[in-house]
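Dear colleague,

Please find below the structure that I am handing over to you.

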Amino acid sequence: LRSTYRLRAGQQRLAIEDEVSNPSSEPAELELLYHINFGPPLLAPGTRVEAAIQRLAPRDRHSAQDVASWQDYGPPQPGSREFAHFAALRGDASGRTRVLLTAADGQQGVSLQFNLHQLPCFTLWKSQLAPDDGYVTGLEPGINFPNVRDFENSRGRVATLEPGQSRRFTMTLEVHPDAVSVGQAREDVIQLRRGAAPIIERQPHADWSP
């Protein structure tokens, strides 16, 4: 793995470029999911996540309890279990998509842009434990969902890198320091939806969860 980070003075964004290569003389399997985690003070009761959802389903039966509130974060609940939701997102003609995390007052946020041709699977992870134990959320694009390898392999989501082959992955993290910037990012997400209603599954999706 070779990682490159690019920042430009005066801009509120970080560009990430990863290249995964197989230096072996034998083919190698590849699974890849990025854990991009955010906590307080941005994450708090009332924080909301927005994305151009094409289809979303809970990871398991426990997470199905959170489907109605998948976009929202409630108060800390000591001893609670995590929720996770799997999703297919919509993108523009080039495959670019954006996921936005907005503070409760709408005055600040952060967004993640990535390419669905490179990272077609998206996982939203939510832990609402007490802050000392991990009040945190994960925006997690990947080439696969976080399941056991055999299941992901059976669904064609485990890649193979031939000897000397590489795959490239790019993402951009952008900070939104005010309501205007948050509004611009939200409008981008709305445009990426293209007016299509998301499909929200109430139970785990058979092709996404074992």
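The model is predicted: local features need pLDDT of at least 70 and side-chain atom pairs count only at pLDDT 80 or more, while totals for chains, interfaces and linings use all residues. Residues are numbered from 1 along each chain as its sequence is written, and side-chain values use heavy atoms, with hydrogens and water left out.

Strands and their pairing

Strands are DSSP runs of E with at least two residues, helices are runs of H or I with at least four, and both are numbered from the N terminus. Two strands are said to pair if DSSP finds at least two bridges between them.

Strand β13 (residues 166–176) pairs with strand β2 (residues 13–21) in the antiparallel sense, over 9 bridges. Within this pairing, Asp18 has Phe169 of β13 as its bridge partner. Strand β9 (residues 109–115) also runs antiparallel to β13, and 6 bridges join them.

Thr97 has Phe114 in β9 as its bridge partner. The two strands β8 and β9 form a hairpin with 6 residues between them, and Gly106 in the turn has a positive phi of about 70 degrees. Strand β8 (residues 96–102) is mostly covered, with 6 of its 7 residues buried; buried means under 20% relative accessible area, exposed means over 50%, and partly exposed lies in between (1.4 Å probe, protein chains only). Strand β8 also pairs with β5, in the antiparallel sense and over 4 bridges, and Ala51 stands opposite Val99 of β8.

A further group of strands forms an open sheet of 6, in the order β4-β11-β10-β7-β6-β14 and with mixed pairing. Its edge strands are β4 (36–38) and β14 (199–200), each of which pairs on one side only. Inside this order, β7 (residues 83–89) and β10 (residues 121–128) are antiparallel and share 5 bridges. Ala87 stands opposite Phe122 in β10.

Aromatic residues

The structure holds 3 aromatic pairs. Rings of Phe, Tyr and Trp (its six-membered ring) pair if their centres lie within 6.5 Å; planes under 30 degrees apart count as stacked, over 60 as edge-to-face and the rest as tilted. Phe86 and Phe145 form a stacked pair, 4.6 Å centre to centre with 20 degrees between the planes. Phe86 lies in strand β7 and Phe145 in the loop between β11 (135–142) and α2 (149–154), so this pair ties together parts that are 59 residues apart in sequence. Phe86 counts as buried because its relative accessibility is 0%, and Phe145 does so at 2%.

Phe145 also pairs with Trp208: the ring centres are 5.3 Å apart and the planes stand at 50 degrees, so the pair is tilted. This pair too links distant parts of the chain, with Phe145 in the loop between β11 and α2 and Trp208 in the segment after β14, 63 residues apart. Trp208 is buried, with a relative accessible area of 11%.

Nonpolar cores

A nonpolar core is a set of buried Ala, Val, Leu, Ile, Met, Phe, Trp, Tyr and Cys residues joined through side-chain atoms within 4.5 Å. The largest has 35 residues, and Leu89 and Phe114 have the most contacts inside it. Contact here means heavy atoms within 4.5 Å. Not counting residues up to four places away in sequence, Phe114 touches several residues, including Leu89, Val99, Leu119, Phe122 and Met171. A second, separate core of 6 residues includes Ala57, Phe86, Ala88 and Cys121.

A buried glutamate

Is Glu50 buried or exposed? Glu50, placed in strand β5 (residues 48–51), counts as buried because its relative accessibility is 8%. Its side chain is joined to that of Arg186 by a polar contact of 2.9 Å; such a contact is a pair of N or O atoms within 3.5 Å, where within protein one must be able to donate a hydrogen and the other to accept it, and residues adjacent in sequence count only if both atoms are side-chain atoms. Leaving aside neighbours within four places in sequence, Glu50 is in contact with residues that include Gln71, Arg98, Val99, Arg186 and Arg193.

Yours sincerely
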